[in-house]
Amino acid sequence: MKRFTAWRRRPWAGYAVVLAALAAIGVIYAGFSPQTDRAEAENTAQAAQDLANGKQLFNKNCASCHGLNAEGTKDAKGKPIAPSLIGVGAASVDFQVSTGRMPAMNPGAQMPRKEPIPEFNTSIKTDYSEPEKREEAEKQKALAEKNLADLRAYIASLAIGPAVPPASAVDPTKGDVALGGKLFRTNCAQCHNFTGQGGALTGGKYAPPLSGSDVTPTQIYEAMLTGPQAMPVFNDTTLTPKDKQAIISYLVQTREEPNPGGNGLGRIGPVSEGLAGWLIGIGLLVLAAMWITAKKPKKLKKS
Amino acid sequence: MSEATAPKAIEGTLGFIDERLGSTTFFKRNVKKVFPDHWSFMLGEIALYSFIILLLTGTFLTLWFKPSMTEVVYDGSYTKLNGVKMSEAYASTLDISFDVRGGLLMRQIHHWAAVLFMASIMAHMLRVFFTGAYRKPRELNWLIGLGMFTLGMLEGLFGYSLPDDLLSGTGLRITQGVTEAIPLVGTYIYMFLFGGEFPGDDIVPRLFTLHILLIPGVILGMVTAHMMIMWHQKHTAMPVKNQTEQQVYGYPFYPVFMAKTGAYFLFTFGVLALMGAFVQINPIWLFGPYDPGAISAGSQPDWYMGVMEGALRIMPNWEISAWGHTLSLNVLIPATVPLGIIFGGAGAWPFIEAWVTGDKRQHHVNTRPRNAPVRTATGMAAVAFYGLLWVAGANDVIADKFHVSMFALTWFFRVTVFVGPFLAFVITKRICLGLQRKDANVIGHGVESGIIVMSPDGKYSERHEPAREQERAVILSKENTRPEAPARDANGIPAPDTKGPLGHLRARLNRAWTFDDIPVEEHEEHGEVESGKEPKQLSH
């Protein structure tokens, strides 16, 4: 004990304690954090099991259209029904499945965004007040996250493709908003409208709205990277990761910004303004005119 | 008591003015002028009062707006655009919106007032058309009104272009295309207008001068003429009891009408202030500065240019190239033909109608729309034509919001813009004639009283009573058509107006105007029925 007491008095002792504490917290955090994949990665047996789970999920949910080996399918006339998924990468899988577009309900001009099927729904409500309900929801969410990760890993294992962007690349508070606005107007607004309210395309296709808070920064990034459905691909040479982050920042910060002029009328430009002018403006003034002319003076002095 | 005199201060002032301007006689004559009362007569006043508010708010905006295309780097309160290169016009509009106290409110009131100005002119013109208030002697005021609407469109387009945001620039780009599409001289006019290649540095200052000086000045002059002619000719009146062609039935200007119209100014101002405060219009900070390389979905003009936008959107891509020149019918036709038909037709209509009907009399009492079926039906055809093109201008928004195919929508409008007016004409005319029949019934047989009577031989019937006096006055305002003089009289001499192909055309049009008219008149033989003493079975 004597030696310990002596060390305690050394000038470096304070630093050592802080360092030891930090290391301890780090180790404990790594042990408890559910996002840590390190343990799994180290365990090849576990990885193989995950891959098998991914393949199984694929066979169950995707193979009927995309083929048992993800090679895509064609109809009797040779027209493609579903594209090959070899080489589309984890980013594409993550985008399509987390936005609910895949597995698709029925083929159409374009797959609509919808709530993902329960197996992959990572955005379910977990903040129940009852502990058992909460626990169950959290468990289901964790399972959905694992399912999605396994499916991504399975498709990524078929051939190399774009990976899911790290959280730091999509942080909407870190990008250059002014640059993002400029890039958005040059590259995106012609389909998605000024502030990402969405717009119509030819042949029943459309550019979906980006203004809802359910459109996550990661999904926006993945869409640019993989070019789903009618959207063109903006690869990292067309729009660098920094540009992509700027666009995400512009979109997210603009959609969170209140309208200084009052009700935004959907932020879709002069069409809704004209409608408001006629319905509210002329409507109110016609009512006022009817009211004023219906008023009859009681008596008019004869002169 | 009867000879009360005003206090000396008032007497003195009034006397001073009267001795120099003779104002007492003027006021004596005019202050008691009678104005008829109807809500639709206030529609034009919305335009007048919006115009006043436009002048006031516009003056406020000029104090800060810089009509300059000089490139600056923005550094202001709207941090999302900090460091972006833009024109001084756009930057100063951002400053008005975010850094000038009350600036955004003024901008929004100005823009809403412009929207309401045009909307109320259109509503007012529709009222004038469908009630036949444009007839002799008021054709000139009708033409002045059309002129003001046309100038208002230009004024609005220029104002929309001034802030140099992405929407403005897109509008100017279309303006450039339309100018260039003019055969032979198009490119020259385009170069004169823009002072060089699009967009250049000159266009915004030039449009600014036109927007704040020339066009408002001309409109102000036309407003004055419009009001003075109206004052001189007296306002038309609705066909109500006591109203005759000779005498206006209504309230005197002072004090009744003055109070009403004064209150209405406050209403207009109130509605505009409310909209300016609570409904966002033209958020240029969201559109971004103009960049010829950028474009957005949902790029539409303000509503009054929508009809041209729609025509442009549904026009097939027709072009003729010959002898090294291109004739861009794909731009030229939508830019000129639809509005040419609407405005040209509206301008010529009073004279065509007078020619066809041979009616050269003065009219001071309005017609009920049902009593002029051809006019009403033609008006509705024009409304359908305009309305369909107008809606077509928003085709992408409709396709997006209602989940329909854009191609299908384009083809829908391409077909209905021709079929729709025809259908509207036929349907409207039938409705008008049906209403005439109903009126004839009310006058001929009276209205159902709800009293069932039994005759001695056991028949049941409902007693009909004459309509209320006011109602009868309105219904009987219909002028039944008199048969035209026969083309040839008994001696075989042709009537003076029926000679030549033009005379034949006139005679045919006149027949088309009148042949299915349903006379609304009191029948002597039904007098007893209406009194209800001797009810008999009525066949309907």
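In chain B of this predicted model, helix α3 (residues 43-62) packs against helix α10 (residues 253-278) at an angle of about 60°, and their axes are 9 Å apart. Axes here are lines fitted to C-alpha atoms, for helices over the stretch in contact, and angles run from 0 to 180 degrees between N-to-C directions. Helices (H or I, at least four residues) and strands (E, at least two) are DSSP runs, numbered from the N terminus. α3(B) and α10(B) are therefore oblique to each other; angles under 35 degrees count as roughly parallel, over 145 as roughly antiparallel, 65 to 115 as roughly perpendicular and the rest as oblique. The crossing of α3(B) and α10(B) is right-handed, a crossing being left-handed if the near helix is turned anticlockwise from the far one by less than a right angle, and right-handed if clockwise.

On the α3(B) side, the contact involves Glu45(B), Ile46(B), Tyr49(B), Ser50(B) and Ile53(B). Their partners in α10(B) are Thr261(B), Tyr264(B), Phe265(B), Thr268(B), Phe269(B) and Leu272(B). Two residues are in contact if their C-beta atoms, placed from the backbone, lie within 7 Å. Sorted by class, the contact of α3(B) with α10(B) has 7 nonpolar, 3 polar and 1 charged residues. Ala, Val, Leu, Ile, Met, Phe, Trp, Tyr, Cys and Pro count as nonpolar, Asp, Glu, Lys and Arg as charged, and the others, Gly among them, as polar.

Turning to chain B as a whole, its secondary structure comprises 19 helices and 8 strands. Along the principal axes, the C-alpha atoms of chain B fill a box of roughly 95 × 80 × 55 Å. Of the 540 residues in chain B, 39% are buried (20 or more other C-beta atoms within 10 Å of the residue's own, with C-beta atoms placed from the backbone; exposed means 12 or fewer, and partly exposed lies in between). Among contacts in chain B with a separation of 6 or more, 73% join residues 24 or more positions apart.

Chain B is divided into domain 1 (46-289 + 302-367) and domain 2 (444-531), with bounds from an automatic or database domain assignment. Their C-alpha centres lie 44 Å apart. The contact between them takes 8 residues from domain 1 of chain B and 10 residues from domain 2 of chain B. The domain 1 side of this contact in chain B has 5 nonpolar, 2 polar and 1 charged residues.

Chain A has domain 1 (2-32), domain 2 (44-162) and domain 3 (168-256). Over C-alpha atoms, the centres of domain 1 and domain 3 of chain A are separated by 47 Å. Helices α10 (residues 217-226) and α11 (residues 241-256) of chain A pack at an angle of about 135°, with axes 10 Å apart. That makes α10(A) oblique to α11(A), and their crossing is right-handed. Here Pro217(A), Ile220(A), Tyr221(A) and Met224(A) of α10(A) meet Lys244(A), Ile248(A), Leu251(A) and Val252(A) of α11(A). This contact has 7 nonpolar residues, no polar ones and 1 charged.

Between the chains, 52 residues of chain A are in contact with 59 residues of chain B. The largest share of the chain A side, 18 residues, comes from α12(A). By class, the side of chain A that touches chain B divides into 25 nonpolar, 23 polar and 4 charged residues.

Residues are numbered from 1 along each chain as its sequence is written, while chains are lettered from A and ligands numbered from 1 in the order in which they are written. Because the model is predicted, local features need pLDDT of at least 70 and side-chain atom pairs count only at pLDDT 80 or more, whereas totals for chains, interfaces and linings use all residues.
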